[in-house]
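Subject: Structure handover

Hello,

Here is the structure for you to look over. My notes on it follow below.

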Amino acid sequence: MRAVLYDSVGSPDVLYVGDVPAPQPADDELLVRVHATALNRADLLQRRGAYPPPPNASPILGLEVAGEVVHAPNDAPFARGERVMAVVTGGGYAEYACVPVGMAMRVPESFTWEQAAAIPEAFLTAYLNLFVLGGLQAGERVLIHAAASGVGTAAIQLAREAGAQIFATAGTPEKLAKCRELGATIAINYKQEDFATIVRGATNGRGVDLILDFVGAPNWSANLEALAVGGRLMLVGFLGGSKSPVLDLAPILTKSLRVTGTTLRRMPLPQKIALTRAFASFAMSRFQSGTLQPIIDRVFPLEQAAEAHRYMESNQNIGKIILRVD
Ligand SMILES: NC(=O)c1ccc[n+]([C@@H]2O[C@H](COP(=O)([O-])OP(=O)(O)OC[C@H]3O[C@@H](n4cnc5c(N)ncnc54)[C@H](OP(=O)(O)O)[C@@H]3O)[C@@H](O)[C@H]2O)c1
């Protein structure tokens, strides 16, 4: 099968399309003919050698797929030819991928392969952190950083559907406009404005109940300042770095804050399956009706994976970057 490969870690230039044997599904897995996959920041780190795949995961890049079932276990609720989408622990940038049966979701009827590939990783990460771990409730206030990212655009929509008031940060006027269009009430250019000051000003000094943070160390102090008493800080990424020489832990005690970190990729499979089922029952009818939408910035053919990686590294995308596999 065709797959995106690399022989040594490094810049996007190391990526090329080559031939490797198709994977063999285990007893509880579907074999899927992949038609589209999508980029994730983790792919860039893995390509640089900074994020090795977990044990037993495919060494091929790619954390999500959309495609048709070509082989299913006898008792699986999916038949040959059905259109599915899923998070995988690796192997998405290829013509065939193995998907644990419980992780597969049916592709909404009217959706293209590209739309389907834009859903799994971004929406499951957002759903996990906002609702399952973050406990976001209707009427609460949430601050979403890097809000025009793949995960951010999913999170804004999910928080809106939950009836939360949304604060969003992003780095350009176009990104801020998209955040407002998707449901953010207050959109802040973090490069020009201090988000903690704006949050406190807009909430009569109270702060927000939940923060979804992908930036890490540079946001640490301002995040604690922006949280309300009893607030929750969800650490999902470290785009700005994970180490800070200035660390004041005091607000965690004085404001009774909770700080949580997760990675979807390393979550045990039974928990990931339960998450996938909960998300599917919340979201599928909303995708069908158009209330929730996968946000796609650009589509590249598989052969241009290096170009797609360079594009993500340039921080220009609003929503997901897709690789078309056929
Ligand atoms: N823990 C998990 O399970 C999990 C799962 C999926 C993704 N993630 C993480 O979620 C984050 C978003 O992923 P994605 O694929 O959705 O990203 P993406 O679409 O590539 O968007 C990332 C955006 O973040 C902003 N950014 C980059 N560096 C920044 C910095 N130093 N400070 C502030 N903003 C910065 C940029 O937008 P601006 O122009 O607005 O700065 C950039 O376009 C990543 O950190 C990723 O690793 C975590």
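How many residues surround the ligand, and which are the closest? Keep in mind that this is a predicted model. The ligand is surrounded by 27 residues, and A146, S149, G150, G171 and G237 are the closest. Helix 1 (41–47), helix 3 (120–132) and helix 4 (150–161) are the elements that give two or more residues to this shell. The most comes from helix 3, which gives three residues. Sorted by class, the shell holds twelve nonpolar, twelve polar and three charged residues. The ligand lies between domain 1 (2–119 + 265–324) and domain 2 (134–261), because both domains give residues to the shell around the ligand.

Domains

The division of the protein is into domain 1 (2–119 + 265–324) and domain 2 (134–261). Their C-alpha centres are 27 Å apart. Eight residues from domain 1 and nine residues from domain 2 make up the contact. On the side of domain 1 that touches domain 2, the residues are three nonpolar, two polar and three charged.

In soluble globular proteins, nonpolar side chains tend to be buried together. In this model the largest nonpolar core has 108 residues, and V99 and A168 are those with the most contacts inside it. Helix 3 gives the most to this core, with seven residues. Domain 1 and domain 2 both give residues to the core, so the core lies between them. Leaving out residues up to four places away in sequence, V99 touches E29, L30, V32, V65, V84, A86, V88 and A104.

Helix 5

Which residues of helix 5 are buried? In this helix, residues 173–182, they are K175, L176, K178, C179 and L182. These residues cover an arc of only 160° around the axis, so they sit on the same side of helix 5. An α-helix has 3.6 residues a turn, so residues three or four places apart point the same way. P173, E174 and E181 are exposed, on the other side of helix 5. The cover over the buried residues of helix 5 includes helix 4, strand 9 (165–170) and strand 10 (186–189). After helix 5 comes G183, which has a positive phi, near 140°.

Two single residues

H35 is part of strand 3 (residues 29–38). Is H35 buried or exposed? H35 has 20 other C-beta atoms within 10 Å, and 20 or more is the cut-off for buried, so H35 counts as buried. Not counting residues up to four places away in sequence, H35 touches A66, G67, W113, V325 and D326. H35 and I144 are 109 residues apart along the chain, and 31 Å separates their C-alpha atoms.

P268 is in the loop between strand 13 (258–261) and helix 9 (269–289). P268 counts as exposed because it has 8 C-beta neighbours inside 10 Å, where the limit for exposed is 12 or fewer. From C-alpha to C-alpha, P268 and G90 are 15 Å apart in space, with a separation of 178 residues in sequence.

Regards

Technical notes. Residues are numbered from 1 along each chain as its sequence is written. This is a predicted model: local features need pLDDT of at least 70, side-chain atom pairs count only at pLDDT 80 or more; totals for chains, interfaces and linings use all residues. A residue is near a molecule or strand if its C-beta atom, placed from the backbone, lies within 6 Å of it. Helices (H or I, at least four residues) and strands (E, at least two) are DSSP runs, numbered from the N terminus. Ala, Val, Leu, Ile, Met, Phe, Trp, Tyr, Cys and Pro count as nonpolar, Asp, Glu, Lys and Arg as charged, and the others, Gly among them, as polar. Domain bounds come from an automatic or database domain assignment. The arc is that of the directions from the helix axis to the C-beta atoms. Two residues are in contact if their C-beta atoms, placed from the backbone, lie within 7 Å. A nonpolar core is a set of buried Ala, Val, Leu, Ile, Met, Phe, Trp, Tyr and Cys residues joined through C-beta atoms within 7 Å.
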